[in-house]
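I opened my notebook to look a few things up in this structure. Here are the entries, in the order I made them.

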Amino acid sequence: MSTTRKLYIKTYGCQMNVYDSERMGEAMEGQGYEATDNPEDADLILLNTCHIREKAAEKVYSELGRFRALKAERPDLKIGVAGCVAQAEGEEIMRRQPLVDLVVGPQSYHRLPELEAAARQGKRALDTDFPEEDKFEHLNARPKAKRGPTAFLTVQEGCDKFCAFCVVPYTRGAEVSRPADRVLREARDLVERGVREITLLGQNVNAYHGAAADGDWSLARLVRELAEIDGLDRIRYTTSHPNDMSDDLIAAHGEIEKLMPYLHLPVQSGSDRILKRMNRSHTAESYLRLIERMREARPDILISGDFIVGFPEETDQDFEDTLRLVEEVEYGQCYSFKYSTRPGTPAAERALVDPAVADERLQRLQALLRRQQTAVQDRMVGQEVGVLFEKPGREDGQLVGKSDHLHSVFVDAPGHQIGDLVRVRITASAPNSLAGTLI
Ligand code: SAH
Ligand code: SF4
Ligand code: F3S
């Protein structure tokens, strides 16, 4: 009789949570679990949660409520909460939601098998420590299954920057870089398993300073070494902080062909007054000069960013400054959010902007960002780009992949398969994708 149990993981939040969910899935494979897409089949349900904004955190409680009926039918079902809400509110979750059998913080995932075993014995288990040992080392001892063409690889975790609005330094802890040889080993392993594109992840990825035999490596050095791996064709990294865009990293964009022409560089606001209150330690002007240097190094680089509108005490003038910065940068892609008060952060003490005003500002900003995104996309028409096929398209013989600039491109490519990296001429631009023909 088969003893395989089924694991359903639902992932919220950033790409680092996606990476962590993959690792948790692999850790539980070692315990006889296999993945399922259907919570109704599962023996263990894990919610890998995000605490970044209030709405994200609330979702956890409403999602848990939905599993009540399931658990009543199948008392054997175990439910766990992982991720940043688990870290921030683990004990409260246990108190408020008796359905939850286990809580595991982002730095303790490698202990998930023990927590699950305790839960099977009827105990409620919680682990939100920041342990000394390297969780990645434990998580990477695992089966060698074939992989798709693209993968995430976390190289750095945590943040020491303490922006006044942000929970990440509290939920993920202090900045830590993984040793360079371990990152290289994991990258080679991914390539052997079919990966052709790796996105290096970190909450402050460009602050990477991983230990190596010849001293600490910068992110630029790491990228240079990764570029030497045969079979690895594309390298990306995210998310970067403007203060950590070092000269060698800027230069790398002009020199390393495998480093893709895309940079996610959040600025949050275009007003120096607000940037100061946010504790961002850069100015609008220094950010604009940085973008200029990036474009000198790599003229076709696509710039992406994040913005917060309605930060406490933001005036109409501050907001106009943000619009002006956006006009100057011309973003190819952007994420913008209404400020959300996070308990325990310095900004939580300050006077809020009228929510109606914040809503209106967000709409204006998003309209501008949408126009820019469309303009940047439209300018791709007629150009030649690389496309790495990731999945089938809507029609027969059609495949979809990401361009060098991270646009989704639909291509008629009979005879080709997922994982092929091809040259494509862009022929049309639609709201969220491009179309192209093989060259
Ligand atoms: N490390 C990255 C961003 C991490 S969080 C950086 O330094 O830029 C991702 C984005 O969520 C942030 O860039 C910010 O735009 C947004 N964000 C973070 N805290 C927020 C809050 N309290 N309210 C609204 N948006 C927030
Ligand atoms: Fe949060 Fe700021 Fe750190 Fe980014 S740099 S994770 S926004 S504290
Ligand atoms: Fe959310 Fe934690 Fe990522 S708060 S954005 S899941 S680091």
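Before sorting a ligand shell, I note that Ala, Val, Leu, Ile, Met, Phe, Trp, Tyr, Cys and Pro count as nonpolar, Asp, Glu, Lys and Arg as charged, and the others, Gly among them, as polar. I also note that this is a predicted model.

**Ligand 2.** I looked up what surrounds ligand 2 and found Cys159, Lys161, Phe162, Cys163, Phe165, Cys166, Val168, Pro169, Asn204, His241 and Arg280. Sorted by class, this shell holds 7 nonpolar, 2 polar and 2 charged residues.

**Cores.** I went to the largest nonpolar core next, and it has 55 residues, with Leu200 and Tyr331 making the most contacts inside it. Another core, of 22 residues, lies apart from it and includes Ala56, Val60, Phe67 and Leu77.

**Strand E10.** Leaving out residues up to four places away in sequence, I found Leu200 touching, among others, Leu153, Val155, Leu219, Ile235 and Tyr237. I then checked Thr199, which lies in strand E10 (residues 197-201). Thr199 counts as buried because its relative accessibility is 9%, and the cut-off is under 20%.

**Helix H13.** I tested the length of H13 (residues 316-329): at 1.5 Å a residue its 14 residues should span 20 Å, and the end C-alpha atoms are 20 Å apart, so the two agree. Among its buried residues I listed Phe319, Leu323, Leu325 and Val329. The cover over the buried residues of H13 includes helices H11, H12 and H14 and strand E15. Just after H13, I saw that Glu330 takes a positive phi of about 60 degrees.

Key
Residues are numbered from 1 along each chain as its sequence is written. Chains are lettered from A and ligands numbered from 1 in the order in which they are written. This is a predicted model: local features need pLDDT of at least 70, side-chain atom pairs count only at pLDDT 80 or more; totals for chains, interfaces and linings use all residues. Side-chain values use heavy atoms; hydrogens and water are left out. Helices (H or I, at least four residues) and strands (E, at least two) are DSSP runs, numbered from the N terminus. The expected span of a helix is 1.5 Å times one less than its number of residues. Buried means under 20% relative accessible area, exposed over 50%, partly exposed in between (1.4 Å probe, protein chains only). Contact means heavy atoms within 4.5 Å. A residue is near a molecule or strand if one of its heavy atoms lies within 4 Å of it. A nonpolar core is a set of buried Ala, Val, Leu, Ile, Met, Phe, Trp, Tyr and Cys residues joined through side-chain atoms within 4.5 Å.
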